[in-house]
Amino acid sequence: MTETGIAESGTAPGEPLVVLKGVNKHFGDLHVLKDIDLTVHQGEVVVVIGPSGSGKSTLCRTINRLETFESGSITIGGVELPEEGKALAQLRADVGMVFQSFNLFHHKTILENVTMGPVKVRKMKPEDAKKLATELLERVGVGHQANKYPAQLSGGQQQRVAIARSLAMRPSVMLFDEPTSALDPEMVNEVLDVMVQLAKAGMTMIVVTHEMGFARKAGDRVVFMSEGSIVEDNTPEEFFTNPQSNRAKDFLGKILTH
Amino acid sequence: MLELIERFDFFSAVWMTVKLTLWAALGSLILGTFIAVLRLSPIKVLQWAGSTYVTVFRNTPLTVVVVAANLVIWNQLGLEVAARNATYLDDTNFRLAILALVAYHAAFVCEAIRSGVNTIPVGQAEAARSIGLTFGQNLRHIILPQAFRGAVTPLGNVLIALTKNTTVVTAIGVAQVSHAMRRMIEFRSDVLFTVFGLVALTFIVLTLPLGILTGWASEKLAVKR
């Protein structure tokens, strides 16, 4: 393992890692994803922003098939997403996911939360998994909480454990679905700091967020979504200073005025 | 009262009720969990099989299930469930009674477990899937442990109902408490109130601790969220 649990995937830096082509999805009559084309390269940090209901969370969840889609294709490291079963489980193991509501396993200790995947999915020896988990928990700053249960931790701590749980699988790409939206304001930064650290270490990340500061600081690209479509795809610098579309201008005008 | 207990061998009747309850509880827990897994599975045919089972057994009177077990399985189909020896008839009836009690109560256990599953936020299963656990691993390590802990109270209710429902197997002549009661009424109708009192007391002694235990356990085992 390279130092901190960042996976070595088959792709070289800068190669396309996650590729979406013409992805469409409906929730009943609502067309939530409209012909989405998106390529995320190895080592890239792509920040997805947009108003509520624009489809950005759905996009994120579609990439590891927590949501199905009707047409188009999604490949990860050149491999098409399997429909279901063992192959899909295996692919999911390579794609880390961090949820808005943390979703730590409530009946397991912090340590067990992190060792579960390595032991059950990667078939790692329990003592090796424990060592790895302890390292990762130290790294996200909750090492001393290892034997507690999730309910005994603050939201910020739980979210950092959730990040460690994903990292323990040595994912080739990590998805963040509004990771700081359910946190009290004073806990947002402790989670963002961990994410910035990860970005700097070269992790490929797709981050759905409302944290514009993070987008500027750690993002390589900003993808702006509105009504199920990708409206803009640009560098953070360009996007924030010189948005092209009216919808992006309108959105930025509303959130940056205060 | 003591005379009643001795003359009608009441303690062995109580022991029979306890044995029926324990075996049927164990059996229905296993079968009920299995049916709950069918109903939770992503495969339509299995879901359908699970829900059909529950619908059929939950809506059939227990007496019918018990009598059917005896008349259909043993009498008509001639399937032997006990060795042919001196206790052949008793053994057969005892085992068929347990079979009927298991079949019937498994439907209720299944629904109790499903109510436990409903206490689990959907994100738990999603997180499990996202780290690559298969459906089976997800059930075994994430969903069922939390479901059982959330289902202690309804499972306790099923157990209490089961304890009392063992009285129904008098219909096929298993010598448990209500069977003893029937004989007492027949031979000692002069002390009816004592007979009823004795039987009522017996079931209070059997079920009251169960209620207290489940109340305590449901709090103790509840998953903190």
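The points below go from the ground rules to the interface, then to the cores and one arginine.

1. This is a predicted model, in which local features need pLDDT of at least 70 and side-chain atom pairs count only at pLDDT 80 or more, while totals for chains, interfaces and linings use all residues. Residues are numbered from 1 along each chain as its sequence is written, chains are lettered from A and ligands numbered from 1 in the order in which they are written, and side-chain values use heavy atoms, with hydrogens and water left out.

2. The contact between the two chains (heavy atoms within 4.5 Å) draws on 25 residues from chain A and 21 residues from chain B. Together the chains bury about 1,900 Å², with 62% of it on carbon and sulfur atoms; buried area here is the accessible area (1.4 Å probe) that two parts lose on being put together, summed over both.

3. Across this interface the rule finds 1 salt bridge, a term that requires a side-chain nitrogen of Lys or Arg within 4 Å of a carboxyl oxygen of Asp or Glu. The side chains that form it belong to A:Arg61 and B:Glu126, at 2.5 Å from N to O. On the side of chain B that touches chain A, the elements giving two or more residues are helix 6 (122-130) and helix 7 (135-150) of chain B, where helices are DSSP runs (H or I, at least four residues) numbered from the N terminus. Helix 6 of chain B gives the most to that side, with 7 residues.

4. The largest nonpolar core has 58 residues, and A:Val18 and B:Ile113 are among those with the most contacts inside it. Such a core is a set of buried Ala, Val, Leu, Ile, Met, Phe, Trp, Tyr and Cys residues joined through side-chain atoms within 4.5 Å, and buried means under 20% relative accessible area (1.4 Å probe, protein chains only). Its largest share, 8 residues, comes from helix 5 (residues 88-117) of chain B. Not counting residues up to four places away in sequence, B:Ile113 touches residues including B:Ala36, B:Leu144 and B:Phe148.

5. Is A:Arg160 buried or exposed? With a relative accessible area of 11%, A:Arg160 is buried, and this residue lies in helix 5 (residues 155-167) of chain A. A polar atom of the A:Arg160 side chain lies 2.9 Å from the backbone oxygen of A:Val140. Leaving aside residues up to four places away in sequence, A:Arg160 touches A:Val140, A:Gly141, A:Val142, A:Glu190, A:Val191 and A:Val194.

Methods:
Buried means under 20% relative accessible area, exposed over 50%, partly exposed in between (1.4 Å probe, protein chains only). A polar contact is a pair of N or O atoms within 3.5 Å; within protein, one must be able to donate a hydrogen and the other to accept it, and residues adjacent in sequence count only if both atoms are side-chain atoms.
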